[in-house]
Every structure is written in structure tokens, then in C-alpha cells.
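Here is my note on this structure. Please read it beside the sequence and the model.

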Amino acid sequence: MPDQVFSADAGGARPAPPAAVRIAGLWKRFGEQVAVSGIDLELPAGKFIGLVGPNGAGKTTTLSMVTGLLRPDQGTIEVAGHDVWADPVSVKARIGVLPEGLRLFERLSGRELLGYMGRLRGLPGDETDKRATQLLDVLDLAGSQHKLIVDYSTGMRKKIGLAAALLHNPEVLFLDEPFEGVDPVSAQTIRGVLERYTASGATVVFSSHVMELVESLCDWVAVMAAGRIRASGPLAEVRGEASSLQDAFLELVGAGGRDAGEALDWLGGGTAR
Amino acid sequence: MSALTTAEITPVFVRLKLSLLRNGLKQSSKRRAAFLASLVFTVLFGLLQLLGLVLLRGNAQAGTVTVLLAGVLALGWAVMPLFFSSGDETLDPSRLVMLPLRPRPLIVALLVSSLVGIGPFFTLCLAVGSVVAVAQGPAGIAVGVLAVPLLMAGCVALARALATANVRLLSSRKGRDLAVLSGLGIAVGAQLVNFGWQRLARDGGLDALEPAAAVVRWLPPATAIGAVDSAGRGAYGTAAVQLLLTVLGVAGLLWAWQRSLTKLMVSPDGSTIAAAEEARTARERQDTGWARLLPGGRSGAAMHRTLRYVWRDPKTKAAWVTSLAVGAIVPVFNALQGTGSVYLACMGAGMLGVQMYNQFGQDTSAFWMVAQTISTPRDAYVELRARALALAVVTVPYTVAVSVLTAALVGNWPALPETMGLSLGLLGGMLCTGAVASARFPYSIPQDGAFKNVAPGQGGLAWMSIFLGALVSAALCGPLIGLTVFLHVSSGPLWTVLPVGVGWGVLIAWAGLRVSAPQVARRLPEILTAVSKG
């Protein structure tokens, strides 16, 4: 299947906004396995961007390389016009990260973690504490702020991770599966905070394999499968003729039309045996 | 569905236990090898013990030894669930809640199935050996025949009763923390046993144990062996009382076990209740007084977190307390035994200096949070310096205290300044090599289990870095040691070793931080990968 690529500013005569993230020729191998095979991608600034794909598509690997947590084999990455690997000083101050599958400092309480991260980021102590209080309030963690994170639920962990990622007011926020295993109430809270954040002109890049969620949240999506970008662009363009992003996605990754068909004809309630 | 009787379910449980053992072995060849090795070892060791105990027969001290052995055995059974809370091979009764089982048949079936396994076999060897060693005459033999099953039942019931009563603790986070900390008990305990043993050997042997045995022989289930011993010596009244105490003890344990088991199986799952309670009773964690003394900014924050982790993280706590305890026990106990040297006080500095190694491995994969805030060698330098300072905040006063104490006990005050100088110089060397090793040879520390301190495949890396690091630290202190020797030979002013040692320690620590900081800043993704395994 040929890769479909849509340009973010295809129709408009307006000047293109600077890209939040610019990826060129990005590769990563783990032994024999190629996790990311030559990605070129430009993510527009000021958008709510979804990176979607099935498990093992390379989303986490890509986000880790973009955020400086994993060294690419090849390729360049720029965030807000600065090279991630050549100019970490400019990049690390401008990004917030919530990775998946990595721990937090779990023997600190939620408030202590925010205080710690703020000071590591070089924020003044008073300012850190003020922001921490507000974030804990908005994210509905004020009641558990003195509990150790090791005792937090999954939803609470994602929320405190989000708070830590927002503390220094980054320009671009990278979230790996921020809604995975999160209860609906916490998910709504996270969603509200992210929507407010993007409304102010900041960029959110998040990965997910839940299409409905991406469809309802994002205005720009990139579809990944088997280490490649299969399509990227504004949501409506990627969805195209399909009735939903889910259908468009299945079409793109070549999983459409796979039906149980006749194989399980015996399966079903009502009839005996 | 009617409830099953004891006779019906006991064979089922025993078969279930055997299946669990068998299937557990099928899972991996490594586990099978470990099982076979421990089986061979236990059989050999058990039979050797048996032989040793049989040979003890007729010895005047046989009663003392066997009674104490039974006490130690029971203690071992009691604390075992704490160490192996996750790997307990016995049947987990909470899996049986949905089955129509009455408590009494269930207890009997669980008790019988608990007697299947390596541990019970070892216990059986010791019990039989102990009885053979002390049983004299027909009365002794008769009591002995009763004592073996009673001792076995007592040990198993004790272990199960304690485990069931504490199951909420053992399956909670606090319990798991406790299990991790239990490694500490072993490390410190081994030192104490070592010194106790030396003392015993010096004080003319087993006579010293008699007062302890006199108490233990009245404590069930060790009373079973006590009864055999008493009966063999013709004290039938004493034997009868001890036997009765054993029976009462076993019955009491079984009753307590049944009670907590029933309660456990009919009340809601403890995990959610405990969590809710904890939220309610969570203390306000405010900055305590000492935290205000820390510097501001990154240094203070990193120091504060390091010191908090010493207290709150079970792995870190175990490592620190072990270092603190061993670093004090060795010089002080040696001094108490009159074989000490004031220079042994250097050991504490060395032991605590090891904590500087693998700094980022101690963060686990949470290191990504630190990595996100390090963009320049300067950031890395401040981070490492803060961690070294946090270590020094504890180690420097500790080293001074141990040196003073050892000097006082040995009565060698003139050697105090040079000891302190050498200790602090060594600490500087360990901080220097530790910082470099943290940057060059990071490895993962698995968070579960008391005895796993290195992720599989990284053991060589860990040992090499610490071993070589200690050697290099010693070499770095070479000039200092040379100075001390020179001053000794030339009868120079030995007190100068203290200021020179402090200065030298600070200098090499600073140099180590300087060398390692650019490497940390450059190798952030590699360090993160290395510390995120397991």
C-alpha cells in the first residue's frame, strides 16, 4: 500500500506555522528487530496531535527518541526548531514528557515529587510550590498529595505524571498512552487540562491505540504501523471517505475486511451444542 | 452441595500440592535446576544432621543441643513466610474461598499437605535425629515416637498460623517492604552470629548454652524434645507436663490458625480496605526542620530526595542500614574482644562509600525524570555533587563517631586523628570512584525480593565496578597511607594526617565528580536503558 501523506497547510494561503516537531530519516533497531524504519514527519505547532497505531507499531520508541530518552540509530529530530541531540539545553526546557512503562520516584508523595521536579528544573521554590498546589487541585489530587506515589492507582499516577510534565510550562507536551488504564473520571480530568493547555497555543503529542479517543480529542493525527508512518495530516483528511477513524485506520494498516465469517458458525447463544 | 469431610478432601489437597510442585518445575529449566540442587543439598544436609545427632547420643550435652535445635527450627518455620511471601509453595487458602469447605476439615487437609515438601523433610530428619540422640529407655522411646509428629505439626502449624494472621500485612506494600528489609536481618545477624560463635568457642563450649536450653525446653513445640529428654532421664512427671504443653501448644496454634483463616475467608479483600484507611490516616508530610538546612535549588532538592529514599525505599534502607551496622559492628566487637585495631574504623567509610556506586541504578527507571532535567555537564555535576553531599552528611559524622568509639575501646587515643584522616580520605576515594562507576557502569536493581540486587546478566558488571572501584579507591589513598607510614617511621607529627586526609578526600572526590559529570551528560539514554531492566 502506498503511504498517504497529507500536508498540514494544503489548502490555505496563510503562512505555515513553524513545526513543533520535525523528524527526518529516523531509524531504530533493537538487535534484529527494526522498531522504527525511516520516519519523516512534521507535526504542526499549536495542535492536539494523536499518534495512533497498533501495539508494537513503534509509537513508544519514536516518542522516546523525540524526547531524548532513547538514542536513535540514524536521523534528526527538531523540537521547536532546536535539534534534540545537539541542543538539549533549548529542547529540554521546552518539552514536557510522560512516558509509558517507566517509574516515577515512587517513594515521594505527590506533592514532594512536584516540588522535587520543579527545583530540578530550576524553578524558584515558591513558584514551584504555588504551581504544584494549583496542579494538584485541578487534577483532583489534593486529597492524596501527601500519600506516597507507590500507593497511587494507575489514574492517579498518570495525573501526577502529567502534573510533573506541565510544571515548567513546556511548549510541547509528549504523552505516551496517557489514558491507558485510567478510569473515566480521571480521563475526563486529564482531557480537560489538556484541552485548556492546547487552547493557549501549546502543542500536545500523545500516542494511543484507542481510535475513538483520538478522533474525539485530536485535530491532527499520524498513523503508525510496523515502524512506519502510514498517513498523517488533519483528522478529516486522514479519515477521508471512511465513516470513522477506526475504519480508516484498519484500511491503512491493512487489517480491514478480516472477518470471522464462516469459521465460528457454531458460536452463539440460543442454539444447542 | 454438601460440605466435604476431612477424609475426602485431605487426599485431594495432598495431590494438589504435589501437582503444584510438579507444574512449578515444568515452568522453567532454571527453576527445575534450583529445585533439584536444593533437594540434593537438603537431603544430604538433612541426613548429615541426622547422622550427627545420632552420634551425639549419650553425650552429656545432647539434651541442650537438641532442645535448642528444636527451638531454632520452630523459629525458622515462623519467620520463613516473611522471607518467601511471594514464593510460598504451600496452598494458598484464599484461592479456596469459593469452595464449600468447612474450617475443620480444611485445616486438617492444609496441615497434611503442608507436610509435603523439602522443608518438612529436613525438619523430619532433624526431629528423628534429635529424638534418637536423647531417647533413653522404653519410656524415652515411647515419648519420642509421639514427639516427632508433634514437633512437625507444631512447626507447620506455627508457620501457617503466623502467615495467615499476617496475610494482610504480607500481601500489602508494607509487608513487601518488610520482606525486602529482611535481607538486612540476615546480613547483620550473620555478623552477630559470627561473633557469638567466636565467643562460644572461647568460653569453653556448650555449657554457655545451658541457661538458654533450660528456658527453651519449656516452650512448645521444643517441649516435645524436652519431654523425650526428661523421660529418658527418668523425670516422668516433667516429661508428662512437657508433653501436655506440646499438645496444648499445637492445639492452640491450630485453633488460632483456624480462627484467622475463617476470618480471612469470610471478610472482604483486605487490599482495598487498607488503602482507604491509609488515605485517611496519612500524615501531613511537611518539611521537617533538618530539611531547611539544605541548600536551595537543584542541590538541596536532590540531597533531600536522596536522604528521603534512605529512609523510605526498602532496598536503599536495607543497603544503608547494613553498611552502617557492619561498619560499626566489626571495629567495635573486635575491640570488645581485645583483638581490635583502631584502623578497622575505616571500614565504615568504605562500606558507606559503596552507596555512591550505581547512583542512577538506585533511581530505577525513574531516572528518566532526572535525565529530563540534565542538559549540560554542569547539571550533571550539580546532581552528582548533591548525591555525594547527601552521603557525606551521614557518613562523615558516622565515621567520626565510630573512630572515637573504637579508639576509646582500644584505648589508643593517639591514633585517632590518623584513623579519621585515613577514613575520610578513603571516603573521598569511594565518592570519586563511585561517581565514575555510576556514569560508566550503571546497572538495574530489581525492586522485589531481598536478595536480588542486580538484574540478571548485569551481575558481573556490578561486581567488577565495585571491586575495581574499591581497589582504585585504595590506590588513590596511597599517598595518604604513604604519609602515615612515613610519619610513623620518622616519628613525625601524626595528627597532620587528619587535615591532609580531609583535604585529599575532598580533592579526589571533586576530581571524580568533575570527570564523571560530562560522561553522565553525554550518556543519559544509555544510562536510562541500563537501569530500566527488570
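1. Strand 9 and strand 10 (residues 228-234) of chain A pair in the antiparallel sense over six bridges. Two strands pair if DSSP finds at least two bridges between them. A:V223 stands opposite A:A231 in strand 10 of chain A. The two strands form a hairpin with two residues between them, and A:A226 in the turn has a positive phi of about 50 degrees. Strands (E, at least two residues) and helices (H or I, at least four) are DSSP runs, numbered from the N terminus.

2. This is a predicted model: local features need pLDDT of at least 70, side-chain atom pairs count only at pLDDT 80 or more, and totals for chains, interfaces and linings use all residues. Residues are numbered from 1 along each chain as its sequence is written, while chains are lettered from A and ligands numbered from 1 in the order in which they are written.

3. Strand 9 of chain A (residues 220-225) has six of its six residues buried. Buried means 20 or more other C-beta atoms, placed from the backbone, within 10 Å of the residue's own; exposed means 12 or fewer, and partly exposed lies in between. A:W220, A:A222 and A:M224 point one way, and A:V221, A:V223 and A:A225 the other way.

4. Strand 9 of chain A also runs parallel to strand 3 (residues 48-52) of chain A, joined by four bridges. There, A:W220 is the bridge partner of A:I49.
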